[in-house]
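The following exercises concern the structure shown below. Each task is followed by a solution in steps.

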Amino acid sequence: MLKLEKRPQPSKFWTYAAPLLAVVITIVLGMGLFAFLGNDPILSIKTIFWDPVFGEFAYMDRPEVIKKAAPLILIAIGLSFGFRAGIWNIGAEGQYIIGAICGAGVALAFYPTEARWLIFPLMIIAGLLGGLLWALIPAILRVYFKTNEILVSLMLVYVAEVLIKAFSIGLLRNPDGFGMPGSRNLRQYASAANNEVIAGTGMHWGAITAVFAVIVAYILFTRHQFGFNVRLAGQSPRAAGFAGVNANRLVMRCLLLSGALAGVAGMFEVSGPAGQIMGSFPSFYGFTAIIVAFLGRLHPIGILLAGLLMALTYIGGETAELTLNLPSAAILTFQGMLLFSLLAVDVLTNYRFKFAGAEVR
Amino acid sequence: MTLLNLSGLTKAYPGVVANDDISFAVGKGEIHALLGENGAGKSTLVKTIYGLVKPDAGAMSLNGAPFTPQNPREARSAGIAMVFQHFSLFDALSVAENIALGMENPPSPRDLSAQITSVSNDYGLPLSPDSIVGDLSAGERQRVEIIRCLLQNPKLLIMDEPTSVLTPGEVETLFGTLRKLADEGTSILYISHKLDEIRALCHHATILRLGKVVGTCNPRETTSSAMAEMMVGFALSTPKKASDSTGETVLELRGLSAPAPHRFGTALRDISMTVSAGQVYGIGGVAGNGQDELVAALSGETKTKGDMVCLSGQPIGTLPPNARRAAGLCAAPEERNGHAAAPDMSLTENALMTGNTRMDLSKNGFLNWHKARDFAAQIIEKFDVRTPSTETAARALSGGNLQKFVVGREIMQNPKVLIVNQPTWGVDAAAAASIRQALLDLADQGSAVVVISQDLDEILEIADSFAALNEGRLSAPVPTQGLTMEKIGLMLGGATEQEAAHA
Amino acid sequence: MDINPILILAALMVASTPILLAAIGELVVERAGVLNLGVEGMMIVGAVCGFIAGHNSGSMFMGFTGAALAGAAVSLIFAVLTQYLLTNQVATGLGLTMFGLGLSSLIGQSAVGTTDLSLPKLPIPLLSDIPFIGPILFQHDAIVYLSIGIVAGVWYFLSRTRAGLILRAVGENHGAAHALGYHVRLVRVGAIVFGGACAGLAGAYISLVRVPQWIDGITAGAGWIALAIVVFASWKPWRLIAGAYLFGGVTVLQLNLQADGTLALLDLIIIVVAALTIGYAIYRAIKTARFDVRDNIVPLSIIGIAALYALLRLLGMETIPVEYLSMLPYLATIAVLVGLRSGGAAASLGKTFHPSS
């Protein structure tokens, strides 16, 4: 019988090899799934993973991958701090929505004034504060009432979804929109548009912020006391208390940080790719970012790569939906399988398999 | 008449042979001591007998018939019962439920309660079946384990370090119970490293070292030092303190009180004490009487009113841990894995964990890993920590080595006051001796040292003063010179110092 | 619109049933020391599989059986990952929810449309004839009775049987249970699969009875609310019923308000709740002979919200926009979680067990 045996030291090799193995396992499982759905498995995988980067129309897809990856990376970086510390903000989707509402709200309040130097920075601040305040609710409840932050942050996602639906037909509805739901399109409002900084690359302000966030997070984790405290609190909460880490302050900081980044991501999305506040704005990014965070092993560089990979499955999935008639739900299932296999192979880092009885001397 | 016979038992784990060709026999009605240091292989051996571990080689027989328990259930039904060192109890369940869980075919709850009451009274170990186990003292919790075993009329009772959680008075009661059981024909396998107890109680002793049987003896006819040498393999030197001079008061507690931190914790009640520079202040007491809570209140993990804790006259009761370290107070909690050290982190990171403030290992929040690595390397060298490198995970170190690292880390910071809780718990004799010597050296350099320990011999060996911690209250201190076990027993029983003195 | 309290209360029991079913399953899982955050995912897979099985076979029984099996099957993924591959329970549970949402949508592509199946009401003889109480409590379908039966069964199992004692022991201290020779992982896998089957039933009740049709994302967070109710109930089966009916009440209220359009019903409820809260706060202040703001934050915020509502009403608010009302169940969940500070979780909850450690 196979038995698991704890390694004295985490394996360096598997730390890096495990995510790759997980991707391979998922591709194999995914091929099975696609074949079961009646699609050519090799072609499906090629359409999803290869064509957006190297295919015939890659010049169109590559910028889209970057644009999709930006919010995922931004949110996942924020989440990685809390997840490492054992603080589970599951409601990034809600903070993302509220950030978008606040950012768009500021822009629409100024409309049609043209003053990009003022309005765009204000929108960023508003998005950041919006997400932060939405995360402040579970943070305060956890610190002062010991309320489970998982459930509270999650309930607030549903509330945020209700709010954005209500706003898109109420407060923020486009007065010139002939009664259609949805706000004005911010991409058509020069002072508020989140344009590509380098045209044709997909590098909009959100993508640049995401890269910046990766670098800062990397420095915090490897060189700074805050990153150290986060890791310590996650591995041994009692030891962290003994080392002088204030648990409540850490909960606050981690939740607010992830909320702020999710809020900013929402603001960049609504002023860029999405363009307007609509009932259909919530796009599951806040949840997918959780997969991204784990796929990247909660490491900033890993998250950067994982975000790009996940964005690839979205863009490739859309293509597959169009060309191969692959249902979009298949991609969601595929992403779930990716998370499962990643979590499963993680066991190799800290344990090794042994055949029982093989240890006889 | 032999009850249990072991021949050639061998069990290997990766990198270590825990049991190597072990053979001995336990007679009916015999109290048989299994003597050895931590890591000698006692635990593996008794787990084998109890069906938790399957031996790689060797055989056992019970009453002459081959005995190969596949799991604890089979062992129990064959008449083996075991009282664990770390109790296998469920805090949130009642005494009766805990006992039922340890029985193969428990009677109905009502009958069981009646049985518990009658058996516990018969053996002088009173227990109430409906109490919640988490609310009981360590001694009472052990009773639950013992009654659980006795209700099954065991042929062999295994006791793993049973006295480490008992007061001297409770030890006497327990010995009475065990002798009575042996007289009734039950065999007892008694595991300990406390030589005096074994000499007082046991008929035979088998001594283990590094997984092998290194000797057998009749403990009543063998001196403690001879047994100690067999157990350790060489003669140990007792730690010595160079001078007895003490300086001015550094640490003062004034009426320190704190509520219990969790449901099964202990509240601290009006604790006052003063410790001077150069003094080693010993605090004895059975586990669960407020030791962890006292350390937390001193280290800063629990905050109190400011003037309840004073360092060199300054109130520090409201300060967080790092501010206290900066002021000169360092601490080493009992639990190495997960409290004093983070098991999954490297030794460098563990050195940084508490050394940051005093050793100046960071600037503006940015960590200086070079300095932290040097600090870890210094601890490793000075305290003879056996490890491949500073980047090894703490969990890869043996208990003794990690304890040397943890205590060494605090000593290297040259604190004004050092608080250590159970400095040598679960540590082999050689490491224990070196830790004790290091604590005495620190006091010689003029630091105040507070040693909290369940091991009364340890306190008598290194402390200048002794105070007893009992249900969150601290007795007045008495000098350790000329202190007897009887008097300590009275102090631990909760009697005030006057009563103890008049006894 | 006339508001008939009997109909509302009877509807409340129906609305609560899925949450109650999912919650009782999760309660057993958590008492065994496992935190499965995948309830929503198991529920929605149960919903779609139950719908398809019922629709294709034309039998409600087959529908619910299929749903329970489907829920149990997905929960097995969670069980293998967390118990044998030692994955983090929080992350795996979240993964299960996402996977379930995707999978259900995939499976349900062909299952559009409504079903004409219906679950017959089974009035209990004699009891259902009692005026007022009879129509509320004793004129329901079999699953409503079954859900209460499961709660009673779980209570009996946990508090009166040896197997239940072992399950609690495993949740309380898995190391000690292992040392006594109990199969920690098997017990836990069993509990997880039971939880999955209950969640599957809960999902099918939504797709086959409550709605009744298959729509993507049909469970709409009910699984998460079930998780919250387990906390609310302090892990005690009977309190689960109170929690679930409270939420059923909020849901039914919200639906009625949406249909009603006037605020008369809401006025009444807010007055009652505010009066009860004030009474409770005064009672506690007298009993403890002091009034601490920190301790009374929940009553104070309820009174604050009531006062705000009263102010808005006095200023002439006549309606609440329908779209905001759907927030009510989620906000109520948060309020209940905050108001509750009692412990009672199994001590090993969420911790990974490996026999060597």
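**Exercise 1.** How far apart are the end C-alpha atoms of helix H11 (residues 347–359) of chain B, and what would a straight helix reach?

*Solution.* The model is predicted: local features need pLDDT of at least 70, side-chain atom pairs count only at pLDDT 80 or more, and totals for chains, interfaces and linings use all residues. Residues are numbered from 1 along each chain as its sequence is written, while chains are lettered from A and ligands numbered from 1 in the order in which they are written.

Step 1. Helices (H or I, at least four residues) and strands (E, at least two) are DSSP runs, numbered from the N terminus. H11(B) has 13 residues.

Step 2. The expected span is 1.5 Å times one less than the number of residues; a straight helix would reach 18 Å here.

Step 3. In the model the end C-alpha atoms of H11(B) are only 15 Å apart.

Step 4. H11(B) bends by about 50 degrees at B:Met353, the bend being the angle between axes fitted to the seven residues ending there and the seven starting there. Just after H11(B), B:Asp360 takes a positive phi of about 60 degrees.

**Exercise 2.** Determine how many residues of H11(B) are buried.

*Solution.* Step 1. A residue is buried if 20 or more other C-beta atoms, placed from the backbone, lie within 10 Å of its own, exposed if 12 or fewer, and partly exposed in between.

Step 2. By this criterion, eleven of the 13 residues of H11(B) are buried. Among them are B:Glu349, B:Met353 and B:Met359.

**Exercise 3.** Describe the fold of chain A.

*Solution.* Step 1. Chain A contains 14 helices and four strands.

Step 2. Chain A has a radius of gyration, taken over C-alpha atoms, of 22 Å, close to the 21 Å of the globule rule (2.2 Å times the number of residues to the power 0.38) for 361 residues, so chain A is as compact as a globular protein of that length.

Step 3. Of the 361 residues in chain A, 57% are buried.

**Exercise 4.** Which element of chain A gives the most to the side that touches chain C?

*Solution.* Step 1. Two residues are in contact if their C-beta atoms, placed from the backbone, lie within 7 Å. On this basis 39 residues of chain A are in contact with 40 residues of chain C.

Step 2. The elements giving two or more residues include strand S1 (2–6), helix H5 (116–145) and helix H13 (328–345) of chain A.

Step 3. H13(A) gives the most, with eleven residues.
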